[in-house]
Amino acid sequence: MEQPDLAAQWTRIRARLQGEVGEVIYRTWLRQMTLSGMDGDEVTVTLPTRFIRDWVSSRYGDRISALWQNENPAVRRVDIRVESGNASSVGLTESLALPAVEPRRTATHLAPSAPNPRPGDRGSQVPASYAEIAEERADPRPDLAAALDPRFSFEGFVVGKPNEFAYACARRVAAQPSSPGFNPLFLYGGVGLGKTHLMHAVAWELTDRTDRRYSVAYMSAEKFMYRFIAAIRSQSTMEFKEHLRSVDVLMIDDLQFLIGKDNTQEEFFHTFNYLVEAGKQIVVSADKSPSDLSGLEHRLRTRLGCGMVADLHTTTYELRISILEAKAARAGISIPVKVMEFLAHKITSNVRELEGALNRLIAHANLFGRSVTLETAHEVLHDILKAHDRRVTIEEIQKKVAEHYSIRLTDMSSARRARAVARPRQVAMFLAKQLTSRSLPEIGRKFGNRDHTTVMHAVSRVSELMQRDGNFAEDVELLRRLLES
Ligand code: ADP
Ligand code: MG
């Protein structure tokens, strides 16, 4: 009976807040608040993620309480929490107390006498941070085929100076897994330089081409983590472990995402050792070399560096031209040399962007039945080129980001570590890396003389969060567009 009243009060409170904080902050942060109810003298308001909850409650918690008390004197306390049902809401204990999971989709594939998980095996050491992870109640047996991209073959990979070593190593492992000196194979390099492409190529080769069909498990580190958590939730960790340990080749892409996930790292470490000792091949990719992955456990880094470490360097002009030629030929479209040169000059960041630009040109040509010219390239790629031309400064980035999150500009270089300032600072570092050509140490210096590893960590943390949290990603994208325009 008091519900309609509460709802009306809540609407008024929201309107007040909106007026007070302004449109941008309201839209970005506060609009997502939901009133979940009142119990005794306590009102509960929920937000979709822990990050947003922390942000809102640290800045506006008091104000929201005051507004409630103003509206409804019976309200003594306001509890701002993460939506339940949303995996990011559940604390450790809650998550372990979740009701049993529905039967697995692939129950028929399971061994008839799959051992029951030991009672203590039920994620007894899950750290709280796991609770942040989106829920995925998946098959504990990694599904390989779904994950491989048919375009990512060795044939489709253009080899040049910057990637020839990594390519050769990948070829070698694909031809002869577990050769001494090549296990583990660790591929690293920046975004969009072909790590995933090479990993898939190895997996294709091993599952499709060789007489002996290897069983290969390929997954991103994130997937590994999700699956591990899902296995904990569905009490099938033993099965998950056994399945991983039964493969001939284990491939983990983007290992940097395990930074800070101690429990998953631990699991990976054990699986890793088990497989290597059993003579199985491991292939891992990451954005940095083993020794630079400072968030990973030392013993894991050491082991990762024990086999073959190969890096994919940033592309050269020649490689970019070769890639454009190969891709255009594949698409069966003729692109004038001038246009390729133009693209190879202008889009230097990574292969993914180069490919994106080329695909756009091709789509445009197909759509309008016109051939590609330098002029159409200018026209069609207008926005991409502009973004590459315009030089945003770190100061501009800091200013915009500070404004956006309503923190002080000085906090960009201050030593404060509260999340409400640390996160925006990380976003600014991430954007500085993306939008300027400054080096990591240079960026670090502009943020209160921080170390380049701090910047590196910020970059991977932000990309990780962006993958996980749509709202956050949208926010960062919005900032990027603002800065680029
Ligand atoms: P990473 O995993 O290193 O971020 P990807 O492997 O996803 O990068 O590569 C990004 C895109 O660029 C993919 O579409 C991939 O096919 C393409 N690519 C990267 N390097 C090459 C190459 N040497 N030859 C052909 N395509 C490439
Ligand atoms: Mg990749």
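**Exercise 1. Work out how strand 4 sits in the predicted model: how many of its residues are buried, and which strands does it join?**

Step 1. Strand 4 covers residues 185–189 and is mostly covered, with five of its five residues buried. Here strands are DSSP runs of E with at least two residues, helices are runs of H or I with at least four, and both are numbered from the N terminus. Buried means under 20% relative accessible area, exposed over 50%, and partly exposed in between (1.4 Å probe, protein chains only).

Step 2. Now look at the two sides. Leu185, Leu187 and Gly189 point one way, Phe186 and Tyr188 point the other way, and all are buried. In a regular strand the side chains alternate between the two faces of the sheet.

Step 3. Find the partners; two strands pair if DSSP finds at least two bridges between them. Four bridges tie strand 4 to strand 7 (residues 281–286), and the two run parallel. Tyrosine 188 has alanine 286 as its bridge partner there. Five bridges link strand 4 to strand 8 (residues 308–312), also parallel, and phenylalanine 186 stands opposite valine 309.

A word on the ground rules: this is a predicted model, where local features need pLDDT of at least 70, side-chain atom pairs count only at pLDDT 80 or more, and totals for chains, interfaces and linings use all residues. Residues are numbered from 1 along each chain as its sequence is written, chains are lettered from A and ligands numbered from 1 in the order in which they are written, and side-chain values use heavy atoms, leaving out hydrogens and water.

**Exercise 2. Describe how helix 7 packs against helix 8.**

Step 1. Helix 7 and helix 8 (residues 237–245) meet at about 140°, with axes 7 Å apart. Axes are lines fitted to C-alpha atoms, for helices over the stretch in contact, and angles run from 0 to 180 degrees between N-to-C directions.

Step 2. That makes helix 7 oblique to helix 8, since under 35 degrees is roughly parallel, over 145 roughly antiparallel, 65 to 115 roughly perpendicular and the rest oblique.

Step 3. Phe224, Arg227, Phe228, Ala231 and Ile232 of helix 7 meet Thr237, Phe240 and Leu244 of helix 8; contact means heavy atoms within 4.5 Å.

**Exercise 3. Is arginine 330 buried or exposed, and what does arginine 330 touch?**

Step 1. Arginine 330 lies in helix 11 (residues 317–331) and is exposed, with a relative accessible area of 58%.

Step 2. Leaving aside neighbours within four places in sequence, arginine 330 is in contact with Arg151, Ser153 and Gly156.
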